[in-house]
Amino acid sequence: IYEHSEVVGLTCQPDGSWEVLLQLPSGGSHVVKAKKIINCAGLWAERIGDFAGVHTPCTVIQHQYVITEPIPEVKEYHAKHGHQLPVIR
């Protein structure tokens, strides 16, 4: 496990394994070889997906909150369409 290290590149090898290029806190770099990778990069998930050549359908939303009091326009939408909107952004 490499803590406080940034993934700066991913390369898929012919055998299906991966080489993960890390930028270490010391300023150096290191390559980790892996059979599988898991993208759990949170706010940076789309960037990591791009490294792997994979479209990651995600939207970065910081400080999201939901108002739980009735909103007249939303109430009207519900009455007109018969369903509610899950979250308004």
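**Close-up views of a predicted model**

Leaving aside neighbours within four places in sequence, Thr-56 is in contact (heavy atoms within 4.5 Å) with Asn-39, Ala-45, Glu-46 and Gly-49. This is a predicted model, in which local features need pLDDT of at least 70 and side-chain atom pairs count only at pLDDT 80 or more, while totals for chains, interfaces and linings use all residues. Residues are numbered from 1 along each chain as its sequence is written, and side-chain values use heavy atoms, with hydrogens and water left out.

**View 1. Thr-56 lies in the loop between helix 1 (45-52) and helix 2 (72-81).** Helices (H or I, at least four residues) and strands (E, at least two) are DSSP runs, numbered from the N terminus. Thr-56 has a relative accessible area of 18% and is therefore buried, a term that means under 20% relative accessible area, with exposed meaning over 50% and partly exposed in between (1.4 Å probe, protein chains only).

**View 2. The largest nonpolar core consists of Leu-10, Trp-18, Val-20, Leu-22 and Ile-48, five residues.** The largest share of this core, three residues, is contributed by strand 2 (residues 18-23). A nonpolar core is a set of buried Ala, Val, Leu, Ile, Met, Phe, Trp, Tyr and Cys residues joined through side-chain atoms within 4.5 Å. Not counting residues up to four places away in sequence, Ile-48 touches Val-7, Leu-10, Asn-39 and Ala-41.

**View 3. Strand 2 has a covered face and an uncovered one.** Trp-18, Val-20 and Leu-22 make up the covered face, whereas Glu-19, Leu-21 and Gln-23 make up the uncovered face.

**View 4. Strand 1 (residues 6-12) and strand 2 run antiparallel and are joined by six bridges.** Two strands pair if DSSP finds at least two bridges between them. Val-7 has Leu-22 as its bridge partner in strand 2, and in the hairpin of these strands, which has five residues between them, Gly-16 takes a positive phi near 90°.

**View 5. Six bridges also join strand 2 to strand 3 (residues 29-34), and these strands run antiparallel.** Across this pairing, Trp-18 stands opposite Ala-34 in strand 3, and Glu-19 stands opposite Lys-33. Five residues separate the two strands in their hairpin, and Gly-27 in the turn has a positive phi of about 105°.
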